[in-house]
Amino acid sequence: MSSAAAADLARLLQETVPQAYYVGGVVRNSLLKRESTDIDLTLPPADVKPAALLLAKKLKAAVFEMDAQYGVWRLVTHQGKIQLDLTAYQGADLKADLLRRDFAFNALAYPVSARPQLVVRVQKDGNAKVLLKRLQRKHLIDYAGGLADVKNKIIRLTNPRVFQEDPLRMLRAFRCAAELGFTIAPSALKQIKRDNALISQPAGERIHEELERLFATSKAYENMALMDACGLLTALFAELAAQRTCAEVYYGKGGVLKHTLAVFKRMEYLLDHVEKAFPKYARKLAEVQTQKPLFKMAALLHDVAKPATAKMKDGRLRFFYHEQRGAHMARKILERLHYSRSDMRLICAMIGEHLRPSNLASNDFITDKGAYHFFRDLGDAAVPLLFLCWADYTSYVTDAQLRRILPHSSEPMMSLEQAKRKASVGKTLRHLQVLALLFKKYFEHPRVVRPSRLVTGRDVMDTLHLPSGPQIGEILEAVAVAQVEGKVQDRSEALAFIKALGLNKKL
């Protein structure tokens, strides 16, 4: 949207709703010189509907009543996709409305009639971001000390009932802290600790949205650790509570949950520093990084079933089939949070198969056939799974050890004996070299992991005079393996290979 069009929008707001106030995120973000994705306006209850309809007519915008109980109307402009929410005062007047909001920095208002400059930037996806400029201190309405909180980068509650009125605000506090780089006030953390059990009340899709935004930041780990200290993490994910005392003899105090958070931390580091872990393929992996929230959720839930599967065998604590059971448990959690089927499928595949690369690493050599089967079985989840495994393996070494071994992770794979001589650091390094080798095969030798189909099922049926059935697929798979092993190079060789199988050979 041009500056002239933005000025027209500001003028229309001043002419149509001069009694309204900019509130919430758009004011806070503008003070921080950050763009917002929408504009929130508050005004007297009787004015909301007529103002919304009149504005929609003038802006030629779509309009609908979003929440009849609270008097919320939403407009979305066709040009620039600007979202405006008009909300009735919650309480007797503006002051009551502001003091019922969640955090002090969100309890700020600025009169539309004060004529701030409105800047609108339309992004490549067609959606708009907005910013208010020329905000004057004398016009800012601040009953809760929010302006000082913006300056000091702190999150304080407007009143002690904030979380009882909407428990989702507990999670929102950590999301805002992560997005804005703010600190949550000790008094707010104490209130979260008192109220954390209420987090089970909000709808799953609302929790999902907050988690997605939190996980998209580079400060998710530090806020997740703080959530755990407040009891909010296990109140939100009750399935993780048993991890805290499970396998403490192996992981130390905090047990499996300590390990889970360490893997989450490493996943966050990897997603922000792919060029350090896989310098040769960082550019090709850029698209994968757009799935940060999904990868972090997989890290959080990857060992969710360890407590349920923990057993002592031959003097060792083992977790047989925890990955498969974990995938099942993760699906239940993700369904509760209203994840899409495709996202659930990806996360559960990552969790259910996260031991596969370790199994490959148990051999001194990884054959092309073994790599082919790995990528064939995992499909679109293969590369994400390698990210999860990297985070899992590196969680067992310190930051200093990781910095030391990372430059060697792309070197040829050590033998099992060589790794053994380097103790636990050697095991981690060898596992990283396994991942590097799989990435190399994936990006540099696609014939190995994604062989092109040289023949079709019809070719098999015509060549061997067979009817349609499962055997045709088995023969096609045998051809693909022969391609991977270099026994078949082209279509004529593939047809010859099929003939050599013989009409009556059992596959």
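Predicted model: local features only at pLDDT ≥ 70, side-chain atom pairs only at ≥ 80, totals over all residues.
Residues are numbered from 1 along each chain as its sequence is written, and side-chain values use heavy atoms, with hydrogens and water left out.

The sheet comes first. It is open and mixed, with 7 strands in the order β3-β4-β5-β2-β1-β6-β9. Helices (H or I, at least four residues) and strands (E, at least two) are DSSP runs numbered from the N terminus, and two strands pair if DSSP finds at least two bridges between them. β9 runs antiparallel to β6 (residues 108–111), with 2 bridges, and Leu108 is opposite Asp142 of β9.

Now the pockets. On a 1 Å grid over the protein atoms alone, a pocket is an open set of points where a 1.4 Å probe fits, with protein on both sides within 12 Å along at least five of seven lines; lining residues have an atom within 4 Å of a point. Grid points are joined across faces, edges and corners, and a volume is the space filled by probe spheres set on the points.

The largest pocket has a volume of about 2000 Å³. Its lining has 45 residues, with Asp38, Asp40, Asp85, Arg172 and Arg175 nearest the centre. Helix α7 contributes the most, 7 residues. By class, the lining has 10 nonpolar, 11 polar and 24 charged residues. Here Ala, Val, Leu, Ile, Met, Phe, Trp, Tyr, Cys and Pro count as nonpolar, Asp, Glu, Lys and Arg as charged, and the others, Gly among them, as polar.

The second largest pocket holds about 1200 Å³. It is lined by 33 residues, and Tyr250, Arg316, Ser358, Lys427 and His431 are the closest to its centre. α24 supplies the largest share, 6 residues. This lining divides into 15 nonpolar, 9 polar and 9 charged residues.

Back to Arg172, which sits in α7 (residues 168–180). Is Arg172 buried or exposed? Arg172 is buried, at 18% relative accessible area; buried means under 20%, exposed over 50%, and partly exposed in between, with a 1.4 Å probe and protein chains only. Beyond its neighbours within four places in sequence, Arg172 is in contact (heavy atoms within 4.5 Å) with Asp102, Phe103, Asp166, Arg206 and Glu210.
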